[in-house]
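Colleague: I am new to this structure. Please show it first, and then I will ask about it.

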Amino acid sequence: MFRVSTKQRAARWLACTMLAGCAEASAQQAGAPPPPDSTQSFVTCPVYRDTDMGRKSGCWLADDSATATRYDVTWAPIKPQVGKPLLVEGVVTSEADTCGGVVLKPVRVSVLPGSCARSIVPPESFPGRPSPPPGEVLKPASEPRTLPPPPYEKREFQIYFEFGRDFLIYQHAEVVLEKIQLYVQASQARSVLVQGFSASDLVIRSGRFLTEPIAVAKARASVVALALHRLGVPDGVVTTEWHGSPSTTDLEGGKLPESSKRRVTITVTP
Amino acid sequence: MSARTWIGVLAIVVVACTGDPPPPVVQAVTLAAVDDARYWAPDEGRTFPARLDYANDAGVLTTLNLAGPTETKGHAFFTPLGNNSRACITCHQPADGMGLSAATANAVWQVRGASDPLFEAIDGSNCPDLPQADAASHSLLLRHGLIRIERPWPPIAADGSRVEPEFTIDVVRDPTRCNRDPSFVSVYRRPRPAANLKYATAIGFAFDPKNGMPLQTDPVTGKPGSGNLLADVRALSLEGQAIDALITHLQLHGQPDPQQLREIVDFENQLYTAQSSHEGAGNLNEAGAQGGPEFLSQAAAGVLQSSANPIWSEFFPWKMLQPPAAGTTDPGFELRQSVARGAALFSTKQFLVSDSAGLTDTGFGNPVRNSCAFCHNMHRVGLDVAPGQVDLGTTNQPFASLPVSRTTAELPLFRLTCARDAAPHPHLGRIVYTSDPGYALTTGRCIDIGKITAQSLRGLAGRAPYFANGAARTLREVIDFYDRRYSIELTDQEKTDLTHLLEVL
């Protein structure tokens, strides 16, 4: 179990501050084009461009003030909220600019507490793009489920979260949760270990200090355990733990390391 | 009951038959017949037929009783089971789509005054300790069709456990004078229809994206609840709802008899209600359309609409009607075309949905481009498959003060203050002014303040006024509210088409 004292946390914060943004992700110079395949991470106020390419369309833009670059974060699986600060982590692609920004893909965003300017801009000359369909969606309850076939071995599942939150994200978490429930049922699992993680190590993004308290890891583990309970996974096989300073995972091929720390890992042992 | 005091009722026919096509024309009858047929009082001993047709301003509303004629003498739905003279039927009237219209409340008051069970002091008046013979003491029911709902504070969960709330409640003003005991919160809401319930209880998906959790299990039945019953989801099943209603509205002491409970739920489950004809568009199941309660009773429940399979497509065939011959007019043609346009607009007229907790804070983005069908997405009824707890601004300030919100000044106003360690309301912050905290009265969470469960859109023409707090007097006012709330900028023609659509549901 991770434990960190207030004194240790203060020392870490001070060290980072004195190193003048040691954990800032981008070394890009202002005005220079962002290098392809580079990972960009910053905090900003999102801008909504009101393009119309059907339901749930519309472009989400995020300006990195450090490099004076406007990014298109529309591919994020969850979307920003105007008037609320946004943490962005994404990879620069060469995809065509249809929204008015350098496209980040893959990309994850987190809505942060606080407030900032509400920015909604017209389409101008940008067509936008249709809302990207989720990779996998939950089937209607009326459709029969198929249990996964053997062999049944120890298996890990990952559920990812926004920064600082324990909310299970629609069109991601529910699909994973159902897979877990079906695997537990099919394998007659003896153990389901639910490990909540929080990105407790301090990072600085756009001058903002970001660290998740350990309580968030506990809340994430608890909410996943409750979700499994509601899906019928027997309470007796479920164990919860929570930790800080997690390792990274292969989220999006390992391209989004910081985002991958904000997760719950569920290990099913038949 | 006197025959001559009913207001606005011109024609009615009661037909006890099943399986036959609906009558083509509403039959004019005398006011005396209207009086006897229209209002169902408890313990009357009438037979509830297989089909009931009642006139309203838009045409005829029909309720089907799929089990066939039902004797009501001694039937639990029609019998006062508690310590007052109320029965379920009191607030769930067939002429009002198994709900209750303000017009019916007025008509009953004109005839019987406070002696009718509808006006029981417990919740048929603004507050029990007001002078009950005075109409002013029942103003919210008479003017807006509102019943008092008294919720415990702090909340008690469906399984009986105590909920630790994230916010405190202060009463800013209270014209009802009924919020003096801090262990209860009195809010005022419209009764919901006790019909078409296979839709309200349908589970489309096992996961509730608004709560970010799988659906809850109902402690009464042990089965997952749809989350689409009651404005604040204080019950998760029809059984749970009936128990709550018997204890609160009928003042039953103790638990209801299981057999009576079963009888109530079985009866509710066999009722389908919908507008069956429109005064301008005629019968709603003609010329390819599939309006009316028959189709409603046969269709699958819990089906999510989509671009490929849009909601209200049962009225799309009216787009293809041949126009009347040159030099002639056909009002029916015009109305049917208008309904078809409204049906299409419902899912295609896009606008920016903004600052609506339950939608715009759950990953869709704020704002998010969508249509009326974003929330009203369940085929045939317009419930929310998800389920539908959303803060549209009907009870929370500042949107509840929009010009069409007619109840604002007559309802209590609460100031809710969220604890510092709680997640605040996503769009209104830590201090929220509201006339009804809605779902938050069940969960105790700040993020749920003002969330009200979306309602079925069937039988609307029979049960004005609208919204959970009766804030819209007419269907046009419902459209106007949304137009202002989301800056949709509907044209007059679009408003008319949408209103016609709502009238034929």
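Colleague: In which loop does A:D37 lie?
Modeller: Helices (H or I, at least four residues) and strands (E, at least two) are DSSP runs, numbered from the N terminus. On that naming, A:D37 sits in chain A, in the loop between α1 (6–18) and β1 (39–44).

Colleague: What pLDDT do local features need here?
Modeller: Residues are numbered from 1 along each chain as its sequence is written, while chains are lettered from A and ligands numbered from 1 in the order in which they are written. This is a predicted model, in which totals for chains, interfaces and linings use all residues, side-chain atom pairs count only at pLDDT 80 or more, and local features need pLDDT of at least 70.

Colleague: A:D37 has a positive phi although it is not a glycine; is A:D37 buried or exposed?
Modeller: Its phi is about 70 degrees. A residue is buried if 20 or more other C-beta atoms, placed from the backbone, lie within 10 Å of its own, exposed if 12 or fewer, and partly exposed in between. A:D37 has 10 such neighbours and therefore counts as exposed.

Colleague: And B:M98, buried or exposed?
Modeller: B:M98 also is not a glycine and has a positive phi, about 60 degrees. The residue is in the loop between α2 (88–91) and α3 of chain B. With 29 C-beta neighbours inside 10 Å, B:M98 counts as buried.

Colleague: How are α11(B) and α12(B) oriented to each other?
Modeller: Helix α11 (residues 475–485) and helix α12 (residues 492–503) of chain B pack with axes 9 Å apart, at about 130 degrees. Axes are lines fitted to C-alpha atoms, for helices over the stretch in contact (C-beta atoms, placed from the backbone, within 7 Å), and angles run from 0 to 180 degrees between N-to-C directions. Angles under 35 degrees count as roughly parallel, over 145 as roughly antiparallel, 65 to 115 as roughly perpendicular and the rest as oblique. The two helices are therefore oblique.
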